[in-house]
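Subject: A structure for you to look at

Hi there,

I am handing over the structure we talked about, and I hope you enjoy exploring it. Please open it beside this email so that you can follow along.

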Amino acid sequence: MCRSIKTLRPPTTPEVTDEDVRAAALQYVRKVSGFRAPAAHNREVFDQAVEAVAVATQELLDGLRIRGSAARRHTHS
């Protein structure tokens, strides 16, 4: 998939910020859409997709249980 999306779960990334989640979501939407920066007529749907992917990503991270690791700590900005 997209090599610039980094792993956000512990223990790989012990502290995950909203900015980390949004950056991963943006990279995913860019890869899937084929647009680095969408044209004005696609901006709204592009931005909505980034937000939806960011929400889904945060829900996934919040729900993961990692064996042998301490309680998940993340920072919401």
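Below is a walk through what was found in it, from the overall layout down to single residues.

**The overall picture**

Please keep in mind that this is a predicted model. The protein chain contains two helices and zero strands. Of its 77 residues, 25% are buried. The chain exposes about 5,600 Å², and carbon and sulfur atoms supply 54% of that area. Among contacts with a separation of 6 or more, 63% are between residues 24 or more positions apart.

Helix α1 covers residues 18-33. It has 16 residues, and the distance from its first C-alpha to its last is 22 Å, close to the 22 Å expected at 1.5 Å a residue. Just after α1 comes G34, which takes a positive phi of about 85°.

Helix α2 covers residues 40-63. How does its span compare with what its 24 residues should give? At 1.5 Å a residue they should span 34 Å, and the end C-alpha atoms are 35 Å apart, so the two values agree.

**What is buried, and what covers it**

In α1, the buried residues are D20, V21, A24, A25, L26, V29 and R30. In α2, they are F46, V50, A54, T57, Q58 and L61. The cover works in both directions: α2 is part of what covers the buried residues of α1, and α1 is part of what covers those of α2.

An α-helix has 3.6 residues a turn, so residues three or four places apart point the same way.

Now for the core. Which residues make up the largest nonpolar core? There are 11 in all: L8, V16, V21, A24, A25, L26, V29, F46, V50, A54 and L61. Both α1 and α2 supply at least two residues each, and α1 gives the most, with five. As background, nonpolar side chains tend to be buried together in soluble globular proteins.

A24, leaving aside neighbours within four places in sequence, is in contact with I5 and L8. V16 is found in the segment before α1. Is V16 buried or exposed? It counts as buried, because its relative accessibility is 0%. V16 also shows how the chain brings separate stretches together: V16 and Q58 are 42 residues apart in sequence, while their C-alpha atoms are 9.5 Å apart in space.

**A residue in the loop**

R36 lies in the loop between α1 and α2. With a relative accessibility of 61%, R36 counts as exposed, because the cut-off for that label is over 50%.

**The charged pairs**

Side chains of opposite charge can pair when their charged atoms come close. How many salt bridges does the structure hold? It holds two.

One joins K6 and D20, with the closest N and O atoms 3.8 Å apart. This pair links distant parts of the chain: K6 sits in the segment before α1 and D20 in helix α1, 14 residues apart. K6 is partly exposed, with a relative accessible area of 48%, whereas D20 is among the buried residues of α1.

Happy exploring!

Conventions. Residues numbered from 1 in each chain as written. Predicted model: local features only at pLDDT ≥ 70, side-chain atom pairs only at ≥ 80, totals over all residues. Heavy atoms only, no water. Helix = DSSP H or I, 4+ residues; strand = E, 2+ residues; numbered from the N terminus. Expected span 1.5 Å × (residues − 1). Buried < 20%, exposed > 50% of the residue type's maximum accessible area, 1.4 Å probe, protein only. Contact = heavy atoms within 4.5 Å. Core = buried A, V, L, I, M, F, W, Y, C linked by side-chain atoms within 4.5 Å. Areas by Shrake-Rupley, 256 points an atom, 1.4 Å probe, with all protein chains shown as cover. Salt bridge = Lys/Arg side-chain N within 4 Å of Asp/Glu carboxyl O.
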